[in-house]
Amino acid sequence: MTLKPDHAAVFSPPVGGGRFAAGEDPAKRQQILAGAKRVFMKMGFDAASMNDVTREAGVSKGTLYVYFTNKEELFSAMIEAERAAFVAAVRTALAEHDEPEAGLYEFGISFVTHMTDEKVINAMRTVLGVRDRMPALCQRFFKGPVNLRTIMCDFLERHVAEGTLKIDDIDLAAGQFLDLASGSFFKLRLFGSMEEPPSRDEIDRVIRGAIRVFMAAYGARRHETA
C-alpha cells in the first residue's frame, strides 16, 4: 500500500478566504486522527472499525470518508503523524546544543523515554501485527526517509565539521549510539519481558555510560591525545 504524505503542510487555503475545501481542514483532520489514536490504542487495528472512530472523534461517517477512504489509510496517517512529531521534537532538541555530549544526552533521554513508553510500545506491536498486509507502513515507520538515524547522522556530521568529533563512518557511528542508548530496554519492553518503563535514574545511568563509550571512540580530544 502506498502511504500518502502528511497533509498537515499541504492543505489548500480556505476557499475564498472562508471555509476549507472538502477534506482540507487541518483542524478536522487532527480531530479525526486524535479519535483514531484513542480507538486503535484501546482496541488494536483488527478489532477497531471506522464506526468506532466516528463515535470517538465526534464526526459523521461521511466526514470521515472524505478525509480517509479506509481503515488502513487512517491507521497509516495516524502512525506517520506520531512518528513525524517525535522526529521533529528530537531534531529540535539536538539543534539546541553546541557541545556533542549535551546533544547526545538530550537525544538519548528523549529516545529511550519515548521508545519505552506504554503507548509507543503498543503502537509498535500493532504495526508489527499488520506488517504482512501493510509492508510499506512498517518500512516507513522503522526506516523512513527521515528517522532517528538520519537525524543522528546530521548531528554527527555537524560536529565532525566543527571539529568536536572525529568519525570516518557517520552511518555506522549513528547506529552504534542508538544501540548503546537503547540498551536492552526496547527489546525487553516490546516483547513483554519488562512490564513497566525503566525509571529516569536507570535511563540516565545507561545514557551517560553510552556517551562515555561513544566519546572515547569518536571524541576529537581523545584523538588529539592518542
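Accessible areas here come from the Shrake-Rupley method with a 1.4 Å probe, and for residues only the protein chains shown count as cover. On that basis, the chain exposes about 12200 Å², with carbon and sulfur atoms supplying 53% of it.

Before I go on, some housekeeping. This is a predicted model, where local features need pLDDT of at least 70, side-chain atom pairs count only at pLDDT 80 or more, and totals for chains, interfaces and linings use all residues. Residues are numbered from 1 along each chain as its sequence is written, and side-chain values use heavy atoms, with hydrogens and water left out.

Okay, the overall picture. We've got 12 helices and 0 strands, taking helices as DSSP runs of H or I of at least four residues and strands as runs of E of at least two, numbered from the N terminus. Of the 226 residues, 42% count as buried; buried means under 20% relative accessible area, exposed means over 50%, and partly exposed is in between, with a 1.4 Å probe and protein chains only. What about contacts, meaning heavy atoms within 4.5 Å? Among those between residues at least 6 apart in sequence, 68% join residues at least 24 apart.

Now let's zoom in on one helix pair. Helix α4, residues 71–95, packs against helix α8, residues 148–162, at an angle of about 15°, and their axes are 10 Å apart. The axes are lines fitted to C-alpha atoms, over the stretch in contact for helices, and angles run from 0 to 180 degrees between N-to-C directions. So α4 is roughly parallel to α8, a label for angles under 35 degrees.

Which residues of α4 and α8 meet? From α4 we have F86, V87, V90, R91, L94 and A95, and from α8 there's L148, I151, D154, F155 and R158. That contact divides into 8 nonpolar, no polar and 3 charged residues. Nonpolar here is Ala, Val, Leu, Ile, Met, Phe, Trp, Tyr, Cys and Pro; charged is Asp, Glu, Lys and Arg; the others, Gly among them, are polar.

Staying in α8, have a look at H159. Is H159 buried or exposed? It counts as buried, because its relative accessibility is 0%. Setting aside neighbours within four places in sequence, H159 touches H97, D98, E99, P100, T164 and L165.

Last stop: L172, in helix α9, residues 170–182. L172 is partly exposed, with a relative accessible area of 41%.

Terms used
Angles under 35 degrees count as roughly parallel, over 145 as roughly antiparallel, 65 to 115 as roughly perpendicular and the rest as oblique. Contact means heavy atoms within 4.5 Å.
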